[in-house]
Amino acid sequence: MISFLEVEWLKTRRSLIRWIVFLSPIIISGCAVSYLIYRKDISNYTIYQSFFSIWSACIIPIGVGIITGYLIYEENLSNSFNIILSNGINRKKFYLAKFLFSIIAQAVCAFLAVIILCLGMNVLNSNNLDIALFLKASLFSIIGTLPIMAIHLIISFIFGMGASIGAGICGFLVATFIGTTSIGDNIWMFVPWSYPVKMSMIPYILQMNNTELLAQMQSQINLLFLLSIILGVIFLIVGVIWYNNCEIRDNRGD
């Protein structure tokens with residue numbers, strides 16, 4: 001599997017993926033720091049909540065749509081799918097490598113963003129943001145991303161990059177209304193795009209040491225972890241089974 005991941009990394013050379021992963025965190029967090037250093041009245045909690053609400057509800061759904069869609073689009077451009085069929089390359093490992101690489105790319109992007117945000121605020125504004133807390137929230141949001149990453153990979157393989165980006169935009173709208181407002185209080189568990197938002201708020205709740213609040217939230221926290229992991233595994237297995245038995249179509253026109 002390591003060799004498959006190495007191949008995936010080499011394929012992204014001079015591609016849009018590396019620009020997305022390494023440049024977008026600098027732009028997003030740089031803009032956030034540039035705005036926040038002039039707002040002395042904003043608390044660390046508000047910075048935390050605002051950043052992860054925007055990152056998890058807006059950046060993650062669209063980013064997942066672009067990353068998974070572009071990875072498959074590149075394969076179509078290079079005619080790699082026909083090479084896989086003719087050379088008997090292990091389809092399951094190939095599919096899993098795409099999934100793992102997408103997760104790693106998303107994680108690197110998130111970690112870079114919070115490091116830049118925290119360092120920028122701590123150095124320029126003396127906010128003393130807890131980098132460990134922000135990194136933990138990023139990790140939790142990535143766990144919440146597992147189901148939608150698996151779903152988008154299936155969409156990308158079947159319908160192409162355009163459909164994946166379109167689904168990402170729809171996911172952004174759904175996550176914004178369901179994940180960040182009271183509208184979704186009773187239905188969020190049926191909407192995987194809301195999981196990253198909910199998951200990213202858990203570390204702050206845990207560090208508050210509020211026993212009463214933690215007792216109230218414990219069942220929701222447990223449910224979030226279970227749904228994120230179980231649905232992620234289910235959709236991944238469905239994708240692997242489908243891809244292992246499908247006739248690959250050409251999406252180069254997307």
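Student: What makes the span of helix 9 close to the expected one?

Tutor: This is a predicted model, and helix 9 has 35 residues in it. The expected span takes 1.5 Å times one less than the number of residues, so helix 9 is expected to reach 51 Å. From its first C-alpha to its last, helix 9 reaches 50 Å.

Student: Where is the kink in helix 9 centred, and what is its angle?

Tutor: On Met-217, with a kink of about 45°. That angle is taken between axes fitted to the seven residues ending at a residue and the seven starting there. Met-217 also lines the largest pocket, as one of the residues that lie nearest its centre.

Student: Which residues of helix 9 are called buried, and why?

Tutor: Buried means under 20% relative accessible area. Ile-221, Leu-224, Leu-227, Ser-228, Gly-232, Leu-236, Gly-239, Val-240 and Tyr-243 are therefore buried. In an α-helix, residues three or four places apart point the same way, because there are 3.6 residues a turn.

Student: How do you know which residues line the largest pocket?

Tutor: A lining residue has an atom within 4 Å of a pocket point. For the largest pocket, 20 residues line it. Besides Met-217, those nearest its centre include Gln-49, Lys-198, Met-201 and Ile-205. The pocket holds about 360 Å³ of space.

Student: Which helix supplies the largest share of that lining?

Tutor: Helix 8, with 6 residues. Helix 3 (44–77) and helix 9 (211–245) each supply at least two.

Student: How many residues of that lining are nonpolar, polar and charged?

Tutor: The counts are 11 nonpolar, 7 polar and 2 charged. Lys-198 lines this pocket, and Lys counts as charged.

Student: What makes up the lining of the second largest pocket, by class?

Tutor: It has 11 nonpolar residues, 2 polar and no charged. Its volume is about 200 Å³. Of the 13 lining residues, Ala-32, Leu-36, Ser-50, Phe-51 and Ile-54 lie nearest the centre. Helix 2 (16–36) and helix 3 each give two or more residues to this lining. Helix 3 gives the most, with 7.

Student: How many helices and strands does the protein chain have?

Tutor: There are 9 helices and 0 strands. Along the sequence the pattern reads α-α-α-α-α-α-α-α-α.

Student: What share of the contacts in the protein chain joins residues 24 or more positions apart?

Tutor: Among contacts with a separation of 6 or more, 81%. A contact here needs heavy atoms within 4.5 Å. As for burial, 48% of the 254 residues count as buried.

Definitions and conventions
Residues are numbered from 1 along each chain as its sequence is written. This is a predicted model: local features need pLDDT of at least 70, side-chain atom pairs count only at pLDDT 80 or more; totals for chains, interfaces and linings use all residues. Side-chain values use heavy atoms; hydrogens and water are left out. On a 1 Å grid over the protein atoms alone, a cavity is a set of points where a 1.4 Å probe fits but cannot get out, and a pocket is an open set with protein on both sides within 12 Å along at least five of seven lines; lining residues have an atom within 4 Å of a point. Grid points are joined across faces, edges and corners, and a volume is the space filled by probe spheres set on the points. Helices (H or I, at least four residues) and strands (E, at least two) are DSSP runs, numbered from the N terminus. Buried means under 20% relative accessible area, exposed over 50%, partly exposed in between (1.4 Å probe, protein chains only).
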